[in-house]
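Q: Hi! Could you walk me through this one? I'd like to begin with the ligand.

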Amino acid sequence: MAQKSNFEEIYTFLNEKFSDETEYLQAVHEVLEDIVPIYNANEVYKAFDIVKRICMPERIIYFTVSWMNSEGNVEINQGWRVQHNSAMGPYKGGLRFHHTVNLSVLKFLAFEQCFKNALTGLPMGGGKGGSDFNPKGRSDRDIMLFCQAFMRELQRHIGANTDVPAGDINVGAREIGYLYGEYRRLNNRFEGVLTGKGLEFGGSYVRTEATGFGLVYFLEAVCKQKNTEIEGKTITVSGAGNVALHAALKAVEKGGKVISLSNSRGLLHAAEGFTDKALKWAIDNHANRENVLTDMADKNMGEWVSDKKPWHLKCDIALPCATQNELLEDDAKALLDNGCKMVLEGANMPCTNKAQTLFLDAKIVYVPGKASNAGGVALSGLEMSQNAMFNQRKANVLDDQLYAIMESIHQRCVDEGKSVGDENHYIDYMKGANIAAFRRLADAMVAQGV
Ligand code: NDP
């Protein structure tokens with residue numbers, strides 16, 4: 001019998017069940033607004049109760065990570081893997097190690113990941129995992145011991161055709177190496193069970209760069225659509241990690257003037273723009289510095305301002321690349337007041353609902369991370385296919401593939417995000433991304449039955 005679902009009923013159902021999971025409800029709310037009308041117009045989707053099923057994780061794994069640190073003391077952390085949806089392929093999504101990690105954060109990330117992965121056109125389901133372990137200030141040996149203990153628990157739930165984690169905040173090449181080594185030792189198998197691996201053991205060229213580079217390729221597609229170009233534009237970037245630094249480098253290569261980087265402690269402002277040399281130095285050094293931005297300031301690569309974010313700086317384009325909910329309503333107002341015309345998310349859900357609404361109401365370009373930062377997972381998908389074939393493609397081939405995938409995601413968003421009858425041809429990229437991904441995911445679920 002067809003379900004008579006609508007936005008209110010579905011959201012209330014989820015809100016009652018998960019009322020304390022604010023990040024998860026925020027992510028779901030944002031998507032529901034766009035997809036419920038499509039759902040209500042489709043009797044098959046309704047008969048299969050697709051929206052509620054898309055919102056609920058298929059499985060959540062929780063485990064305790066008890067481990068002995070390098071000083072012989074026992075430490076206890078929490079670990080999770082949210083296996084959200086596997087209709088389109090193995091669960092796929094990163095691992096985050098951060099003291100703020102909790103189930104709500106991982107559920108929001110896993111939910112978003114399903115939509116992002118659907119947009120890439122590659123056969124990947126969605127998941128996310130991590131731990132409340134805080135790696136800041138820990139020795140290399142402690143990091144290795146923690147990664148090994150984490151993998152001892154996680155390994156029984158993952159596999160190259162089941163669930164393929166990757167990196168996320170504080171999980172980079174070093175951590176993936178330790179995690180992979182432990183998986184291989186325990187299972188006696190060399191397989192593509194993690195992506196973001198080292199090039200010597202099944203890793204892919206361009207994976208490290210892919211999220212940041214892909215973000216700028218998406219920006220280039222937006223610029224083409226609007227008959228403009230990146231060259232000569234002033235760009236603010238937040239974050240100083242993998243995504244931010246590679247986005248900044250590629251934007252500078254394309255002729256943009258990138259004037260900021262930031263972290264949880266402050267802002268590095270380069271009024272004349274960072275050079276590619278400065279950004280390459282940061283890329284080579286950020287993983288092993290306590291604060292790469294103050295080190296850059298010491299080298300006269302910019303001016304350090306404590307406890308500040310970049311959003312008050314005048315710019316044409318803003319690329320938030322640090323973390324969720326880092327760009328608030330007042331930040332959005334400041335960007336708009338200063339004439340910012342485009343906001344493309346490198347991080348996952350960096351703009352709050354109120355900030356998003358201001359951008360959409362002002363009819364500037366606003367692109368959600370699920371579309372604009374999908375380059376990372378797209379390259380992970382290509383790493384999986386290289387692993388399955390036991391080969392390694394060349395960097396230029398993969399960079400071309402990344403470019404093509406970002407262009408195709410842009411086109412999917414344009415096709416579904418066009419405003420009918422609007423003479424200004426405004427593209428609602430959020431709506432476009434949500435609907436394009438939803439249709440693919442919903443069709444896959446319907447085809448496979450309940
Ligand atoms: P990293 O760990 O490499 O870098 C994170 C950066 O964000 C650091 O500079 C960190 O500063 C900063 N940061 C963290 N919290 C805050 C905060 N509250 N305020 C300001 N700055 C903060 O992570 P990634 O670059 O890999 O990831 C960044 C974002 O991109 C995340 O949202 C992630 O989910 C998303 N993403 C990452 C992908 C990837 O391939 N890596 C793929 C797709 C999305 P500090 O050192 O001071 O904590």
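A: Happy to. An N or O atom in the side chain of D168 is 2.6 Å from an oxygen atom of the ligand, a polar contact in the sense of a pair of N or O atoms within 3.5 Å. This is a predicted model, in which local features need pLDDT of at least 70, side-chain atom pairs count only at pLDDT 80 or more, and totals for chains, interfaces and linings use all residues. Residues are numbered from 1 along each chain as its sequence is written, and side-chain values use heavy atoms, with hydrogens and water left out.

Q: Which atoms of N170 and N242 lie by an oxygen atom of the ligand?
A: Backbone ones. A backbone N or O atom of N170 lies 3.1 Å from a ligand oxygen, and for N242 a backbone N or O atom lies 3.0 Å from a ligand oxygen.

Q: How much of the ligand's accessible area does the protein cover?
A: The protein covers 83% of the 900 Å² that the ligand has on its own; accessible areas come from the Shrake-Rupley method with a 1.4 Å probe.

Q: And which elements give two or more residues to the shell?
A: Those are α8 (207-225), α9 (242-253) and β7. Helices here are DSSP runs of H or I with at least four residues, strands are runs of E with at least two, and both are numbered from the N terminus.

Q: How many residues surround the ligand?
A: The count is 24, and the closest are D168, T211, S264, R265 and N348. A residue counts as near if one of its heavy atoms lies within 4 Å of the molecule.

Q: Which domains do the shell residues come from?
A: Domain 1 (57-191) and domain 2 (210-367) each supply at least three. The bounds come from an automatic or database domain assignment.

Q: How do β7 and β8 run?
A: Antiparallel: four bridges join β7 (residues 257-263) to β8 (residues 266-269). S260 has H269 in β8 as its bridge partner, and a hairpin of two residues links the strands.

Q: What about β8 and β9?
A: They also pair in the antiparallel sense, over four bridges, with β9 spanning residues 303-306. There, L268 has W304 as its bridge partner.

Q: And how do β10 and β11 run?
A: Parallel, with two bridges joining β10 (residues 317-320) to β11 (residues 342-344). I317 is partnered by M342 in β11.

Q: Last one: what's the order in the sheet of five strands?
A: That open sheet goes β1-β2-β4-β3-β5, with mixed pairing. At the edges are β1 (59-68) and β5 (163-166), each pairing on one side only. Inside this order, β3 (residues 91-97) and β4 (residues 126-131) pair in the parallel sense over three bridges, and L95 has G129 in β4 as its bridge partner.

Note on methods: Pairing = 2+ DSSP bridges. Polar contact = N/O pair within 3.5 Å; in protein donor to acceptor, adjacent residues only side chain to side chain.
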